[in-house]
Amino acid sequence: MAERILIVDDEEASRELCRDFLEADGYTLQVAEGGEAALRLLEPSPCPLVITDLNMPQMNGLELLRVIKQRYPDTEVILITAYGEIKTAVEAMRDGAFDYITK
């Protein structure tokens, strides 16, 4: 069975682009349109990797990262953003992000 990845982004086009790209490489994908939805998907079955947008309403990517690392320390989190700042990247890495990528 292929590794499962959870994609979290409030923009449908971004979720679908990631889904198409990663499914073509054989990964099993789940998608969520925000942090709360992502946590509901992780609750019954944590996955090894979460790729999340940084700027989302209600719960941003840094907040989601912190909750995931607290509840599921073995889950890796990659933050992606169109608005990369060094300060935010340092904060994300300090909080346990596997990587921080600008779109």
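**View 1. Proline 44 is exposed in this predicted model.** Its relative accessible area is 67%. That is over the 50% cut-off, so proline 44 counts as exposed. Proline 44 sits in a loop. The loop runs between helix H2 and strand S3, the latter spanning 49-53. Leucine 54 lies 10 residues from proline 44 along the chain. The C-alpha atoms of these two residues are 24 Å apart.

**View 2. Five strands form an open sheet.** The strand order is S2-S1-S3-S4-S5. The pairing is parallel. Which strands lie at the edges? They are S2 and S5, and each of them pairs on one side only. Neighbouring strands are turned against each other by 20° on average, with direction ignored.

**View 3. Strand S1 pairs with strand S2.** S1 covers residues 4-8, and S2 covers residues 28-32. The two strands run parallel and are joined by 5 bridges. Leucine 6 stands opposite glutamine 30, a residue of S2. How does the chain get from S1 to S2? It passes through helix H1, residues 12-24. This β-α-β crossover is right-handed.

**View 4. Strands S3 and S4 pair within the sheet.** Their pairing is parallel, with 5 bridges. In the strand order, S3 stands between S1 and S4.

View 5. Threonine 81 has threonine 102 in S5 as its bridge partner. Helix H4, residues 86-94, belongs to a β-α-β unit with these two strands. That unit is right-handed.

**View 6. Helices H2 and H3 cross.** H2 holds residues 35-42, and H3 holds residues 61-71. Their axes come within 10 Å. The crossing angle is roughly 15°. Are the two helices roughly parallel or roughly antiparallel? Angles under 35 degrees count as roughly parallel, so H2 and H3 are roughly parallel to each other. Their crossing is right-handed.

**View 7. Glutamine 58 has a positive phi.** The value is near 65°. Glutamine 58 is a residue other than glycine. Most residues other than glycine have a negative phi. Where is glutamine 58 found? It lies in the loop between S3 and H3. Is the residue buried or exposed? The relative accessibility of glutamine 58 is 77%, over the 50% cut-off, so the residue counts as exposed.

**View 8. Cysteine 18 and cysteine 47 are in no disulfide.** How many disulfides does the structure hold? The number is 0. For cysteine 18, the nearest cysteine sulfur is that of cysteine 47, 14 Å away. For cysteine 47, the nearest is that of cysteine 18. A disulfide needs two cysteine sulfur atoms within 2.5 Å. Is cysteine 47 buried or exposed? Its relative accessibility is 3%, which is under the 20% cut-off, so cysteine 47 counts as buried.

How values were computed: Residues are numbered from 1 along each chain as its sequence is written. This is a predicted model: local features need pLDDT of at least 70, side-chain atom pairs count only at pLDDT 80 or more; totals for chains, interfaces and linings use all residues. Side-chain values use heavy atoms; hydrogens and water are left out. Buried means under 20% relative accessible area, exposed over 50%, partly exposed in between (1.4 Å probe, protein chains only). Two strands pair if DSSP finds at least two bridges between them. Helices (H or I, at least four residues) and strands (E, at least two) are DSSP runs, numbered from the N terminus. A crossover is right-handed if, with the strands pointing away from the viewer, the path from the first strand over the helix to the second runs clockwise. Axes are lines fitted to C-alpha atoms, for helices over the stretch in contact, and angles run from 0 to 180 degrees between N-to-C directions. Angles under 35 degrees count as roughly parallel, over 145 as roughly antiparallel, 65 to 115 as roughly perpendicular and the rest as oblique. A crossing is left-handed if the near helix is turned anticlockwise from the far one by less than a right angle, and right-handed if clockwise.
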